[in-house]
Amino acid sequence: MAPWQSQSGRGTAVTNGGVLTAQRRTALPAGYESDCATAPAKGAVIGVCLGESPCTKDSPSATPADTVKLALRGGLKAKAGWTDAPDLVLTGINSGPNVSAQVNDSGTVGAAIAAIDEGVPAIAFSSSGDESQTFFPRANYRANAEFGARFVAGLDARSLLTSQFALKVDYPDVSGGTPAGRPAWTGVGHGKVVWHAYEPTGEDSFAIGLGVCEEKPGDPCTETARDADSTALFRDGRISVTPVTRDRTYGAHEPNTKTLRKLRQYVEHDAPAH
């Protein structure tokens, strides 16, 4: 189940009224028709839009968090016959990294937070674009998906799927032929990778523009945190794995450090290389 339209930058936003329509997509893109056909849900792909009418190409979309909450609170049971919650919620693969200040904006991460709020383990996957971060090569998605499947299998084999926190996985650009570096255990950075600018276009209107920070010394965009996700991803070309909690209390203490230590050990020493 997924939002009907692109919902980039929606964070943890939810829709507080009206109706959601969950509609199965019957015609899938060439090459993907048989994906998960042997699974209990037989590879069902379901989009969620706003309103009571059937979803069309112009229908407004549910948010990522809407979609997860609907899925876990009855949507999967109604549309796919599930009687229990899933073992794991995967969100993404997002077009572009979700690191540093962008983590708070990310619908991909927001959907993973919605899952752990419901007591279900979750991993949010994002892929870098090319050097411009405006084009997103298919090679990056494929490499991320292949790594992700092996990464999840390793977590499952070690009983490390947990709803205490979500994992955020950002995959570097490999479209130029350089393979991803080994996974790095990181924290959310304090800088900015993408900045928003607002230019007046009339008396009451402002055009929204996006730019990529240049990482110049002293610039407010520049990353200053140690072990930042953006540093591992962009400077070192490594796969960044970051634990993300729902608790926004400053100085909050992780209640089960044993799980955290085991996960870090897996990421740094036993996870797939790329």
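How many bridges join β2 to strand β3, and do the two run parallel or antiparallel? Five bridges join them, and the strands run antiparallel. This is a predicted model. The points below cover a sheet with its helix, a disulfide and a pocket.

**Sheet and helix**
- Three strands form an open sheet in the order β1-β3-β2, and the pairing is mixed.
- The edges are held by β1 (2-3) and β2 (20-24). Each has a single partner strand, so one side of each is left without a neighbour in the sheet.
- Strands of a sheet pair through backbone hydrogen bonds, in a parallel or an antiparallel way.
- Strand β3 covers residues 46-50. Its Ile46 stands opposite Arg24.
- Helix α1 (residues 64-80) lies across β1, β2 and β3. The helix runs at about 65° to β2.

**Disulfide**
- The structure holds one disulfide.
- This bond joins Cys49 to Cys55, with an S to S distance of 2.1 Å.
- The link of Cys49 and Cys55 is left-handed, with -85° about the S-S bond.

**Second largest pocket**
- The volume of the second largest pocket is about 930 Å³.
- Its lining is made up of 33 residues. Pro243, Val244, Thr245, Arg246 and Asp247 lie nearest the centre.
- The elements giving two or more residues to this lining are α2 (107-117), β10 (238-244) and α5 (257-270).
- By class, the lining has 13 nonpolar, 15 polar and five charged residues.

Definitions and conventions:
Residues are numbered from 1 along each chain as its sequence is written. This is a predicted model: local features need pLDDT of at least 70, side-chain atom pairs count only at pLDDT 80 or more; totals for chains, interfaces and linings use all residues. Side-chain values use heavy atoms; hydrogens and water are left out. Two strands pair if DSSP finds at least two bridges between them. Helices (H or I, at least four residues) and strands (E, at least two) are DSSP runs, numbered from the N terminus. Contact means heavy atoms within 4.5 Å. Axes are lines fitted to C-alpha atoms, for helices over the stretch in contact, and angles run from 0 to 180 degrees between N-to-C directions. On a 1 Å grid over the protein atoms alone, a cavity is a set of points where a 1.4 Å probe fits but cannot get out, and a pocket is an open set with protein on both sides within 12 Å along at least five of seven lines; lining residues have an atom within 4 Å of a point. Grid points are joined across faces, edges and corners, and a volume is the space filled by probe spheres set on the points. Ala, Val, Leu, Ile, Met, Phe, Trp, Tyr, Cys and Pro count as nonpolar, Asp, Glu, Lys and Arg as charged, and the others, Gly among them, as polar. A disulfide is a pair of cysteine sulfur atoms within 2.5 Å.
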